[in-house]
Amino acid sequence: MTDFKISKIKSRWILDSRGIPTIESDVFAGKAYSRAAVPSGASTGVLEALELRDGGKAFMGKHVLKAIANVNNILGKKLVGFDVREQEIIDAEMISIDGTENKSNLGANAILSVSLAIARLASQLSEIPLFNYIYNLAYKKSRDDYLLPLPCCNIINGGEHAGNNLSIQEFMVLPVGAKTFSQAIQNVAEVYQTLKKLLLKKYGPSAINVGDEGGFAPNLNLTSEAVEIIIKAIETAGFLLGTDFVLGMDAAASEFFEEDFYNIDGRKLSEEELLEYYMDLIHEYPFKSIEDPFNEKDFRNFSNLTAKVDESIQIVDDDITVTNINILEKAIKEKAGNALLLKVNQIGSLTEAIKAARMAFDNGFNVMVSHRSGETEDTFIADLAVGLCTGQLKTGATCRSERTGKFNQLLRIEEILGENAKYPLKLNSWKDFH
Ligand code: PGA
Ligand code: ZN
């Protein structure tokens with residue numbers, strides 16, 4: 001008889017992709033165990049659940065020994081005996097032990113490492129793939145075919161993720177013309193390598209250094225320069241702009257917002273001017289996804305832009321909603337955006353992340369599962385995107401193992417599913433899939 005009861009939890013620190021410590025936990029049931037690690041952002045939303053860091057000298061204050069102790073000494077004791085298949089009950093228990101609104105007692109990083117490892121252990125002991133287990137958990141039913149995500153790949157990095165002058169944080173290519181996930185990621189990889197050659201030729205060797213999310217970080221000054229060279233790469237690689245690829249961006253505008261203006265392209269734009277700036281970009285180029293176009297407190301301008309753009313264009317809420325259902329509710333009510341960026345560590349438990357995705361879907365919002373700029377080799381979010389049937393995932397460029405690890409996991413999932421692996425053949429076709 002399989003033993004599903006938690007017998008032990010053991011946590012440790014590991015290094016994330018920026019060389020900063022993060023937490024990883026092993027959850028045991030008898031001799032079996034599963035492991036999960038927690039990522040970390042750079043352009044974080046102010047209302048994210050608290051990532052507990054030690055302060056003091058070690059790792060410049062960024063050590064996570066307190067979070068580790070909270071797992072080993074508190075959660076590790078209180079959760080012994082719980083059945084790992086009771087995800088919602090265990091997550092609720094951890095939230096109650098923490099006792100704060102933003103998980104500041106135990107740390108969202110501590111809680112999340114356990115929450116994810118529990119789901120992984122339950123899937124392992126139940127002998128079903130993680131994506132399948134997550135689907136059953138999220139939708140309380142089962143299915144045979146699954147939607148692999150459109151990989152929204154960030155191939156030029158700016159903002160907080162790169163040492164250059166680009167204000168926009170992420171320039172993404174969306175391989176909408178592919179028929180399968182593997183074809184999609186191959187298409188992106190070909191564009192990425194072509195972009196490398198073009199950058200080298202036009203701007204010299206320093207232009208092919210990569211940023212935190214594996215995209216190139218050329219020292220460009222203007223949004224249009226980045227967009228133009230990406231378009232050239234798409235076409236030089238033999239693809240058709242608008243058909244094979246459309247474009248996306250994460251402005252992460254809180255990072256270039258300065259009290260009453262936005263610092264972009266060497267100019268200081270008012271909120272009205274920034275809105276026009278986006279409208280001009282949309283008219284000139286096939287942008288179909290724009291994330292965090294205004295600072296994270298500005299629901300009004302998120303609404304204004306959402307109302308102005310064509311329905312086929314996503315306005316994606318990241319820092320503004322921080323995967324929190326209470327804030328998402330407000331965004332839905334005010335039509336501030338029409339898509340949710342889903343980051344598990346913004347909220348700190350799998351159950352709450354699932355709730356946020358379901359609330360988004362139930363209210364006509366799209367959902368894009370997302371990595372953080374500080375990642376680990378953990379590939380949980382690949383299974384999460386498939387399990388929630390979001391149809392979209394952003395996890396950087398086709399470069400750097402902490403990014404490609406997620407794509408590689410999706411290639412394996414595609415193989416496992418065989419004919420039951422579906423791919424969004426056009427934008428928004430994911431809507432009827434959950
Ligand atoms: P972050 O960046 O992980 O540094 O927050 C990702 C994003 O803003 O989407
Ligand atoms: Zn973002």
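Trainee: Why does C389 count as buried?

Mentor: Set its value against the cut-offs. Buried means under 20% relative accessible area, exposed means over 50%, and partly exposed lies in between (1.4 Å probe, protein chains only). C389 has 0% relative accessibility, so C389 is buried.

Trainee: What sort of model is this, and how are its parts numbered?

Mentor: It is a predicted model, where local features need pLDDT of at least 70 and side-chain atom pairs count only at pLDDT 80 or more, while totals for chains, interfaces and linings use all residues. Residues are numbered from 1 along each chain as its sequence is written, chains are lettered from A and ligands numbered from 1 in the order in which they are written, and side-chain values use heavy atoms, with hydrogens and water left out.

Trainee: Where does C389 lie, and what is its phi?

Mentor: C389 sits in the loop between α12 and β16 (392-394). Helices (H or I, at least four residues) and strands (E, at least two) are DSSP runs, numbered from the N terminus. Phi of C389 is positive, about 55°, although C389 is not a glycine.

Trainee: What makes R400 partly exposed?

Mentor: Its relative accessible area is 25%, so R400 falls in the middle class. R400 belongs to the loop between β16 and α13. Its phi is also positive, near 80°, and R400 is not a glycine.

Trainee: Why is α12 called oblique to α13?

Mentor: Two packed helices are described by the angle between their axes and the distance between the axes. Axes are lines fitted to C-alpha atoms, for helices over the stretch in contact, and angles run from 0 to 180 degrees between N-to-C directions. Helix α12 (residues 380-388) and helix α13 (residues 401-417) pack at about 50°, with axes 8 Å apart. That angle makes α12 oblique to α13. Under 35 degrees counts as roughly parallel, over 145 as roughly antiparallel, 65 to 115 as roughly perpendicular, and the rest as oblique.

Trainee: Which residues make the contact?

Mentor: I381, A382, D383 and V386 of α12 meet K406, Q409, L410 and I413 of α13. Contact means heavy atoms within 4.5 Å.

Trainee: How do you know that α4 is mostly covered?

Mentor: Count its residues. Nine of the ten in helix α4 (residues 130-139) are buried. Among them are L130, F131, Y135 and Y139. The cover includes α2 (87-98), α3 (108-126), β4 (146-147), α11 (350-362), α12 and α13. After α4 comes K140, with a positive phi near 55°.

Trainee: Why does the pair D250 and E291 tie together separate parts of the chain?

Mentor: D250 is in strand β8 (residues 246-250) and E291 in strand β12 (residues 287-291), so the pair joins parts 41 residues apart in sequence. D250, at 1% relative accessibility, is buried. E291 is buried too, with a relative accessible area of 1%.

Trainee: What makes G159 partly exposed?

Mentor: Its relative accessibility is 22%, so G159 counts as partly exposed. G159 is in the loop between β6 (153-157) and β7 (170-174). Leaving aside neighbours within four places in sequence, G159 contacts N164, L166, S167, I168 and Q169.
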